[in-house]
Amino acid sequence: PLVACLGVAGPVVGQAVTMTNLNWVIEAASLQSRFGIQRACLINDLVATAMGALHLQAADLAVLNPGEPQQGAALAVLAPGSGLGEAFLVQQNGRYLPCPSEGGHVSFAPRNSEQIQLLAFMLDRRAHVSVEQVCSGLAIPELFAFMATRLASPPWLREQLAQATDQTPVIVGAALEAKRGGRPCAIAVRTLELFVDILADEAANLALKILALGGIFVGGGLAPRLLPFLEHKRFMTVFARGAYRDMLTRIPVLIIRNPQTALLGAAAYGADLSAGTTVQTGETPARSR
């Protein structure tokens, strides 16, 4: 290939990335020389998701809130997966410019007494509690451990968790089974309800900070799996609050169902790069070598 574009989890500085939750360093210049690529480009994985969101079809999306999108207004992307990614798009010269963010690492702000207790619980374990640490796949076992101080765990679930190398799919699976009328599991259900409440609150925070009146996309690996918990009334009760409740009510909220969205966005960015039409993302460019 003449051009390569990779979406990577971490801030892109000088076309190099030290990945946030993985001890890898990736450099565009090294990729170019090692693989004989004329031009390699690194973009944040949420920039890739934001680019991909522009190319999605109706079947790739689930509408959580139809809202009233404002033409030309900013768009936001929030993606809980193994971590919590955030990005946004603003219009420039008639096309959308994707912008990176590390908003998932801002401080967690609890919204009620239960979440204040959650913050205190988390602060007993670490010096700083970010939103990612309570709103991502990595966070699910932490939320469950907090809920275990309030609710009993059934023996079958304790046994499954003790055997699991990754507790998140066990907890999510138990909650979804209970939600669909299967084996009851109040603690798993409450864990995911707490997760969704925090997600809705952070989505509103992001929408307010960039005035995402064009809409907000919720992507990542978790959101499409948790569709039974992403109920319009519960989500919007948390999302549309405060001084700008009415404005937030009018913001469309769309769940990305296509798992290839970030790959699609990286391909779109690379295609634009190859054609010489790519606009800069605001990420720090490579220094001359």
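Asp197 and Arg234 are joined by a salt bridge (a side-chain nitrogen of Lys or Arg within 4 Å of a carboxyl oxygen of Asp or Glu), with their closest N and O atoms 3.0 Å apart. The pair links distant parts of the chain, since Asp197 belongs to helix H7 (residues 186-210) and Arg234 to helix H8 (residues 232-239), 37 residues apart. This is a predicted model, in which local features need pLDDT of at least 70 and side-chain atom pairs count only at pLDDT 80 or more, while totals for chains, interfaces and linings use all residues. Residues are numbered from 1 along each chain as its sequence is written, and side-chain values use heavy atoms, with hydrogens and water left out.

**Salt bridges**

- Asp197 is buried at 10% relative accessibility, whereas Arg234 is partly exposed at 28%; buried means under 20% relative accessible area, exposed over 50%, and partly exposed in between, with a 1.4 Å probe and protein chains only.
- The structure holds ten salt bridges, and one of them joins the side chains of Arg95 and Asp272 at 3.2 Å, N to O.
- Because Arg95 lies in strand S8 (residues 95-101) and Asp272 in helix H10, this pair ties together parts that are 177 residues apart in sequence; helices (H or I, at least four residues) and strands (E, at least two) are DSSP runs, numbered from the N terminus.
- Arg95 is partly exposed, with a relative accessible area of 32%, and Asp272 is also partly exposed, at 21%.
- Glu142 and Arg125 form a salt bridge in which the closest N and O atoms are 3.0 Å apart, linking helix H4 (residues 140-147), where Glu142 lies, to the loop between helix H3 (113-123) and H4, where Arg125 lies, 17 residues apart.
- Glu142 is buried at 15% relative accessible area, while Arg125 is partly exposed at 46%.
- A network of salt bridges links Glu114, Arg150, Arg190 and Glu193.

- Gln115, placed in helix H3, is buried with a relative accessible area of 1%.
- Leaving aside residues up to four places away in sequence, Gln115 touches Phe108, Ala109, Pro110, Leu194, Asp197 and Ile198, a contact being heavy atoms within 4.5 Å.

**Largest pocket**

- The largest pocket holds about 560 Å³ of space, a volume being the space filled by probe spheres set on grid points that are joined across faces, edges and corners.
- On a 1 Å grid over the protein atoms alone, a pocket is an open set of points where a 1.4 Å probe fits, with protein on both sides within 12 Å along at least five of seven lines, and lining residues have an atom within 4 Å of a point.
- The lining comprises 33 residues, with Asp45, Leu46, Ala79, Gly81 and Ser82 nearest the centre of the pocket.
- Two or more lining residues come from each of helix H2 (45-53), strand S6 (75-80), strand S7 (84-92) and helix H10 (261-275).

**Positive phi values**

- Asn93, in the loop between S7 and S8, has a positive phi near 55° and is exposed at 79% relative accessibility.
- Leu211, in the loop between H7 and strand S9 (215-218), has a positive phi near 50° and is partly exposed at 45%.

**Confidence**

- The mean pLDDT (the predictor's confidence in each residue, from 0 to 100) of the protein chain is 93, and 96% of its residues reach 70 or more.
- Over residues 284-289 pLDDT stays under 50, and the model has eleven contacts for them beyond four places in sequence.
- Where pLDDT is low, the predicted coordinates should not be read in detail.
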